[in-house]
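Student: Please take a close look at one residue in this chain. I would like its setting first in the fold, then in the chain as a whole.

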Amino acid sequence: MLKIVKLAAIAAAGMMLAAPAFSQDKTAAKVNGAAIPQSRVDAMVKDATSQGQADSPELRKGLLDRAINIELLSQEAVKKGLDKQQEFLDQMELIRKSSLAGAYVQDYFKDHPVSEDALKQEYENLKSKLGGKEYKVSHILVASEEEANAIEGQLKKNAKFESLAKEKSQDPGSKTTGGDLGWSVPSNYVEPFAKAITELKKGQISKPVHTQFGWHVIKLVDERNLNVPPFEQVRDNLRQRMQQQAMQKMIADLRKNAKVEDAQ
């Protein structure tokens, strides 16, 4: 049912945005005399393939069947007057606005494409932030400096780090694994934590480190050279990331220049 509703929304949006062209569009099928334009089925195919499905005669036949089902259901809805209900009208307006917003974003990136030079520069910037090493780290997180100092004292008396982490750590994500945070680069952590990691040698345990999350006792389990994926391998992800950033800035600029008033 959810897929039918989604496809109905796609079809409805397509009708709103391209209705004038439908009179000259090829007809994919007719239901009780009502034509299903080929462009509507094509929009459904485009949506399906964008989500990873392979374009094939079987896919197109299945989507045409869905379009026929949608047409049948929509005809029944009109007979009952559901198309006049305010909830439906509000949903259709939201679909129209969302489709227009999507069309604007696509048009924006036609005029403001992310260049190959910009992608390569971003790649180099990220490489420099990552550094040349990654670290395997464990930690014990507690609420106070007093608790952290007590744990440091126990560790100096040869208490097992993993056992203390399971017993005392307040980090639910690593507590059950003895404080293990896995492999990562320092830039993925908040600054005091990241700095402490880079100052430790393999096997060493830090003095208590304070962050906004509490007090940490950190153990550097291991370190290794970082193998950064080649540019060609991450190009598409970088493009998506930069487009997302550009879109956020574009929207922020629009909001800054718009008069937005909250209803009282």
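**A glycine in a loop**

Tutor: The accessible surface of the chain comes to about 17,600 Å², and carbon and sulfur atoms account for 53% of that area. Keep in mind that this is a predicted model. The residue to look at is Gly203. Gly203 sits in the loop that runs between α9 (191-199) and β5 (209-211).

Now its neighbours. Leaving out residues up to four places away in sequence, Gly203 touches Lys219, Leu220 and Val221. Leu130 and Gly203 are 73 residues apart along the chain, and their C-alpha atoms are separated by 22 Å.

Step back to the whole chain. Its secondary structure comes to 10 helices and six strands. The radius of gyration is 28 Å, well over the 18 Å from the globule rule for 264 residues, so the chain is more spread out than a compact globule. Along the principal axes, the C-alpha atoms fill a box of roughly 85 × 50 × 45 Å. Of the 264 residues, 28% are buried. Take the contacts between residues at least 6 apart in sequence: 62% of them join residues at least 24 apart.

Last, charge. The chain carries 39 positive and 36 negative side chains. The centres of these two sets lie 2 Å apart.

Notes:
Residues numbered from 1 in each chain as written. Predicted model: local features only at pLDDT ≥ 70, side-chain atom pairs only at ≥ 80, totals over all residues. Heavy atoms only, no water. Helix = DSSP H or I, 4+ residues; strand = E, 2+ residues; numbered from the N terminus. Rg over C-alpha atoms; globule rule 2.2 N^0.38 Å. Buried < 20%, exposed > 50% of the residue type's maximum accessible area, 1.4 Å probe, protein only. Contact = heavy atoms within 4.5 Å. Areas by Shrake-Rupley, 256 points an atom, 1.4 Å probe, with all protein chains shown as cover. Lys, Arg positive; Asp, Glu negative; His and termini not counted. Charge placed at Lys NZ, Arg CZ, Asp CG, Glu CD.
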